[in-house]
Amino acid sequence: MRLYNTLTKRKEEFVPLEEGKVKMYVCGPTVYNFIHIGNARPMIVFDTVRRYFEYKGYEVNYVSNFTDVDDKIIKKAIEEGISAQEVSERYIEECKKDMAGMNVKPATTHPKATEEISGMIEMIQGLIDKGYAYEKNGTVYYRTRKFQDYGKLSHKNLDDLRSGERSLLVTGQDEKEDSLDFVLWKPKKEGEPAWKSPWCDGRPGWHIECSEMAKKYLGEQIDIHAGGEDLVFPHHENEIAQSEAANGKEFAKYWMHNAFLNIDNRKMSKSLGNFRTVREISGQYDLQVLRFFMLSAHYRSPLNFSAELMQASKNGLERILTAVSNLNYLMDNAGKEELTEDEKEKLEQAGKYVNQFEEAMDDDFNTADALSSIFEIVKFANTTVNDESSKAYMRKLKEMTVKLADVLGLIVEKKEEMLDEDIEALILERQEARKAKNFARADEIRDELAEKGIILEDTREGVKWKRA
Ligand code: AMP
Ligand code: ZN
């Protein structure tokens, strides 16, 4: 299995740190609004990477954070006259609903930055003790020039960076020893959330959050660190500087970055105001169509959002769904049970499409070619199945299609709907779990229901539910 490593700028064979296991950290969203479909790209892409590792038999520990303290969250809280925590909690819940709609599996752990502050303070103190950080008037900075390897991920030259930065110096930054030094801890401003620290009441810088959460939930060395390509510099470069200086070890072996989702050939972003939220899209299309669209291009190629491509994705998905539902219908009416010799041979032929699928995914997760292999199976089923086919033959072809589509996170067979009484029983169990302060079980039930398309709403009159 080969994947492209931003660190070495080439495709490399994947060799896990620990046999049979993958430790993976994906930078998550800043939660101050509904996520947009640009944010959805890394979620879908790296969920697919995870699913493929699992298909190959690896046990994946997948950690993805929520950045729940940030200037933008604070700004939104002030605008709405509520606390920053209320803002972030609201949008974490909304984000989880969108993820469920896109069939993105919940991470093994979804840490929140605000719940990990003490670990961050410890890491910062460690960096100060080793001479990699210093405090000035309550702000702690990372001493970038002390870290020899700075620039190794973004392939930037320190001197070029420094001359570029110098011209950008703004007031207040001159207390830094060097223009490239970045903030690890900053003093609070009036009305902002703050935590006690040895330096001042304040809050962490963004980069240290991920270094600490990766270390706490995955350890000092991880296999894969991932995110959108805008995170390469400075975010990931700074994470490397912090983690490697603090831990004295190589941080992540492989760095994976998805290209942008564009609209009218410009990056979709909140600041440009050209974004479409996942929620908005879900009003127009099944979110499975959005997932299909994202996977129809290689993750390292820019992808331009358009109604035409969404329509093509809808048609493509429909073709697979129709083939599966035809197989189901024919299976119900099949006369023969057992495979014939001819069918056994045919299944061997179909097996080559499974190999093609794996070859495509083994080659840096080429999901576009992987989708083509699924279409080959669909075509094969459509042309070789007839009234005479045995039930076993059709079942095998269907299983092949459903299994490979599932690796891409595409649900191509309508699941049996959950019965109302089963849903209500689970809701009751969740309430009891909450009362008993067993929040892990309560969350598990909510996620299980979300996976089945059941959305819960906690209201003053109790818990209400609806089907997505
Ligand atoms: P943010 O909430 O801006 O920190 O972004 C969360 C994740 O979404 C990061 O991995 C970003 O790189 C990624 N991201 C943001 N905008 C886009 C986009 N237009 N295309 C692809 N990825 C994006
Ligand atoms: Zn991060």
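Helix α2 (residues 71-80) packs against helix α3 (residues 84-101) at an angle of about 110 degrees, with the two axes 8 Å apart. That angle makes α2 roughly perpendicular to α3. Please keep in mind that this is a predicted model, in which local features need pLDDT of at least 70, side-chain atom pairs count only at pLDDT 80 or more, and totals for chains, interfaces and linings use all residues. Residues are numbered from 1 along each chain as its sequence is written, chains are lettered from A and ligands numbered from 1 in the order in which they are written, and side-chain values use heavy atoms, with hydrogens and water left out.

**Terms for the helix pairs**

- Helices (H or I, at least four residues) and strands (E, at least two) are DSSP runs, numbered from the N terminus.
- Axes are lines fitted to C-alpha atoms, for helices over the stretch in contact, and angles run from 0 to 180 degrees between N-to-C directions.
- Angles under 35 degrees count as roughly parallel, over 145 as roughly antiparallel, 65 to 115 as roughly perpendicular and the rest as oblique.

**α2 with α3**

- Ile73, Lys76, Ala77 and Glu80 of α2 meet Ala84, Val87, Ser88, Arg90 and Tyr91 of α3, where contact means heavy atoms within 4.5 Å.
- Sorted by class, this contact has five nonpolar, one polar and three charged residues; Ala, Val, Leu, Ile, Met, Phe, Trp, Tyr, Cys and Pro count as nonpolar, Asp, Glu, Lys and Arg as charged, and the others, Gly among them, as polar.

**α1 with α9**

- Helix α1 (residues 37-55) and helix α9 (residues 287-295) have axes 10 Å apart and an angle of about 75 degrees, so α1 is roughly perpendicular to α9.
- On the α1 side the contact is made by Ile37, Ala40, Arg41, Ile44, Asp47, Thr48 and Arg51, and on the α9 side by Leu290, Arg291, Met294 and Leu295.
- Six nonpolar, one polar and four charged residues make up this contact.

**α11 with α13**

- Helix α11 (residues 341-362) and helix α13 (residues 391-407) cross at roughly 5 degrees, and their axes come within 11 Å, which makes α11 roughly parallel to α13.
- Residues of α11 in the contact include Leu347, Val354 and Phe357, and those of α13 include Tyr393, Met400 and Leu404.
- The class count here is ten nonpolar, one polar and three charged residues.

**Around ligand 1**

- Thr30, Gly228, Asp230, Leu261 and Met268 come nearest among the 18 residues around ligand 1, each with a heavy atom within 4 Å of it.
- An oxygen atom of ligand 1 lies 2.4 Å from an N or O atom in the Asp230 side chain.
- A backbone N or O atom of Gly228 is 3.0 Å from an oxygen atom of ligand 1.
- A polar backbone atom of Met268 is 2.8 Å from a nitrogen atom of ligand 1.
- The protein covers 90% of the 490 Å² of accessible area (Shrake-Rupley method, 1.4 Å probe) that ligand 1 has on its own.

**Backbone details**

- The peptide bond from Phe233 to Pro234 is cis, with omega near 0 degrees, and Pro234 is found in helix α7 (residues 232-247).
- His155 has phi near 55 degrees, a positive value in a residue other than glycine, and His155 sits in the loop between β6 (139-142) and α5 (158-166).

Notes: Polar contact = N/O pair within 3.5 Å; in protein donor to acceptor, adjacent residues only side chain to side chain.
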